[in-house]
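Keep the picture in view as you read, and trace each part as it comes up.

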Amino acid sequence: MWTCRNCNVSFDADHVEPEVDEEGFFFLCPACDYRNKLVDTGPDATGRPKLGQSDE
Ligand SMILES: [Zn+2]
């Protein structure tokens, strides 16, 4: 579950598409288009990069 830092709405991580640019991973809030930063927390059990929200 990811929560928009701007409008505070939560989204199932399966329903928002993570994106990456030169500043790193992020997702755009479907509700308000706010750019929410994501951090790569390392590969999961299947070796795929796992993204999470930083606690800032
Ligand atoms: Zn939002």
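Two strands pair if DSSP finds at least two bridges between them. With that in hand, let us look at this predicted model. The protein has six strands and zero helices, so its pattern along the sequence reads β-β-β-β-β-β.

**Overall build**

- The protein has 56 residues and a radius of gyration of 11 Å, which agrees with the value near 10 Å that a compact globule of this length would have.
- Along the principal axes, the C-alpha trace spans about 30 × 25 × 20 Å.
- Buried residues make up 7% of the 56 residues.
- Among contacts with a separation of 6 or more, 27% come from residues 24 or more positions apart.

**Strands E3 and E4**

- Strand E3 covers residues 19-21 and strand E4 covers residues 24-28; the two pair in the antiparallel sense over three bridges.
- Two residues lie between E3 and E4, and the two strands form a hairpin.

**Strands E4 and E5**

- E4 is also joined to strand E5, residues 35-43, by three bridges, and these two strands run antiparallel.
- Look for Leu28, which stands opposite Arg35 in E5.
- Phe27 has its bridge partner in E5 too, namely Asn36.
- The hairpin of E4 and E5 has six residues between the strands, and in this hairpin Asp33 takes a positive phi near 70°.

**Strands E5 and E6**

- E5 and E6 run antiparallel as well, with four bridges joining them.
- Here Val39 finds its bridge partner, Gly52, in E6.
- The hairpin of E5 and E6 has five residues between the strands, and Gly47 in this hairpin takes a positive phi near 85°.

**A closer look at Thr46**

- Where does Thr46 sit? Its place is in the loop between E5 and strand E6, which covers residues 49-53.
- Is Thr46 buried or exposed? Thr46 counts as exposed because it has 6 C-beta neighbours inside 10 Å, and a residue is exposed if that number is 12 or fewer.
- Thr46 and Asn6 are 40 residues apart in sequence, and their C-alpha atoms are 32 Å apart in space.

Technical notes:
Residues are numbered from 1 along each chain as its sequence is written. This is a predicted model: local features need pLDDT of at least 70, side-chain atom pairs count only at pLDDT 80 or more; totals for chains, interfaces and linings use all residues. A residue is buried if 20 or more other C-beta atoms lie within 10 Å of its own, exposed if 12 or fewer, and partly exposed in between; C-beta atoms are placed from the backbone. The radius of gyration is taken over C-alpha atoms; the globule rule is 2.2 Å times the number of residues to the power 0.38. Two residues are in contact if their C-beta atoms, placed from the backbone, lie within 7 Å.
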